[in-house]
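Subject: Handover of the structure, with notes

Dear colleague,

Please find the structure below, followed by my notes on what turned up in it. I would be glad if you could read them with the coordinates open beside you.

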Amino acid sequence: METAYLIETIVKIVVILLVFSALAGLGTYFERKVLAFMQRRLGPMYVGPFGLLQVAADGIKLFTKEDIIPSGVVGRIFKIAPVITAATAFMAAAAIPFLPSFEIFGYKVNPIVSDINIGILYILGVMGVGLYGPLLGGMASANKFSLISAARSAAVFISYEVVTGLSILAPIMMVGSLSLIDFNNYQAEHGWIVWSQPVAFILFWIAAFAETGRTPFHLVANDHEIIDGFGTEYSGMRWGLFFIGEYANMFFISFVIPLLFLGGFGDGSLWGALALLGKMSFFFFFFLWTRAAWPDVRPDQLMWLCWKVLMPIAVINIVITGLVMM
């Protein structure tokens, strides 16, 4: 039995790594196409049908491009920083149930690596550790623009971790668990949490943009101000790992939001699974849509929004939820 469980876990890990690594590459294709459509352009068209093989071309370019280590950088830290970003993104997936349970050849499969009883805390903690990727990469690069970007990333990530944690506290009080499976089961019985916690839903959604470094909170690597931010001195696959981590995080957070607030996969039927994939697709599309529609805000505006608007609202929401429950 332990051997079967170990083999199942290893298979799940390999599938998650392969599938979401591929999706991270396809995410760049989807983003180019969505932005091109909204800006009346064509996007990738020439490499393969509808430009689909552009993803493969980009991958070949990243793998074969020379890995340049500039003089003056802190070598070991410079090399390991991109790995931290990608690794923590995939580690967060361990506690996410991507689909309801199903049977294959009489064997029941739970599409979650580990249903730990502190799943939400684990996900937020691991994503918080992901901060060290851009922070160390920028600090080790011996480049003042990279250093500015690293300082911005630390300020944004640490600040919006507070909002993320406080926003999810009220729903946790209602469910009485930190497991995403328990969140799903609670909503299957009592209805979507978003109807009773709309403020928490909006706060968590806003914080997700800052956590993933997406427009309008794209201050981690704000191209028009600080060239390529913390990734300025990187090339080849080391540069690519930063963006694999970014797009993987976008997919994972797009799963977490519906699991927390929008019913998850419901009763575990096929329609519930398809509904979860549809909700995830919408949230991922919304990341892209926002980039096409909104400009970036200034750093001072972003921090003002966090500490003077979102955090007080989150605290008030927790107090009101506690009073109502009492």
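In which sense, left-handed or right-handed, does H8 pass H12? The crossing of H8 with H12 is left-handed, a crossing being called left-handed if the near helix is turned anticlockwise from the far one by less than a right angle, and right-handed if clockwise.

Before going further, please keep in mind that this is a predicted model, in which local features need pLDDT of at least 70 and side-chain atom pairs count only at pLDDT 80 or more, while totals for chains, interfaces and linings use all residues. Residues are numbered from 1 along each chain as its sequence is written, and side-chain values use heavy atoms, with hydrogens and water left out.

The helix pair

Two packed helices are described by the angle between their axes and the distance between the axes. For helix H8 (residues 198–211) and helix H12 (residues 299–325), the axes come within 10 Å and cross at roughly 150°. Axes here are lines fitted to C-alpha atoms, for helices over the stretch in contact, with angles running from 0 to 180 degrees between N-to-C directions; helices (H or I, at least four residues) and strands (E, at least two) are DSSP runs, numbered from the N terminus. On the H8 side the contact is made by Val199, Ala200, Leu203 and Ile206, and on the H12 side by Leu310, Ile313, Ala314 and Asn317, where contact means heavy atoms within 4.5 Å. Of the residues in this contact, seven are nonpolar, one is polar and none is charged; Ala, Val, Leu, Ile, Met, Phe, Trp, Tyr, Cys and Pro count as nonpolar, Asp, Glu, Lys and Arg as charged, and the others, Gly among them, as polar.

Backbone points to check

Most residues other than glycine have a negative phi, and most peptide bonds are trans. Against that background, the peptide bond that joins Thr215 and Pro216 is cis, with omega about 10°, and Pro216 is placed in the loop between H8 and helix H9 (223–226). Arg40 is exposed, at a relative accessible area of 83%, and Phe50 is exposed at 63%; buried means under 20% relative accessible area, exposed over 50%, and partly exposed in between (1.4 Å probe, protein chains only).

Salt bridges

The whole structure holds seven salt bridges, each defined as a side-chain nitrogen of Lys or Arg within 4 Å of a carboxyl oxygen of Asp or Glu. In one of them, Asp58 pairs with Arg32, with the closest N and O atoms 3.1 Å apart; Asp58 is in helix H2 and Arg32 in helix H1, so that distant parts of the chain, 26 residues apart, are linked. Asp58 counts as buried, at 16% relative accessibility, whereas Arg32, at 35%, counts as partly exposed.

Another joins Arg238 to Asp67, with the closest N and O atoms 2.8 Å apart. Because Arg238 lies in helix H10 (residues 236–261) and Asp67 in the loop between H2 and helix H3 (75–91), this pair ties together parts that are 171 residues apart in sequence. Arg238 is partly exposed at 21%, and Asp67 is partly exposed at 37%.

Arg298 and Asp300 form a salt bridge as well, with the closest N and O atoms 2.9 Å apart.

Two residues of H6

Ser159 lies in helix H6 (residues 144–175) and is buried, at a relative accessible area of 4%. Its side chain is joined to that of Trp307 by a polar contact of 3.2 Å, a polar contact being a pair of N or O atoms within 3.5 Å; within protein, one must be able to donate a hydrogen and the other to accept it, and residues adjacent in sequence count only if both atoms are side-chain atoms. Leaving aside residues up to four places away in sequence, Ser159 touches Met303, Cys306 and Trp307.

Ala154 also lies in helix H6 and is buried, at 14%. Leaving aside residues up to four places away in sequence, Ala154 touches Leu131 and Leu135.
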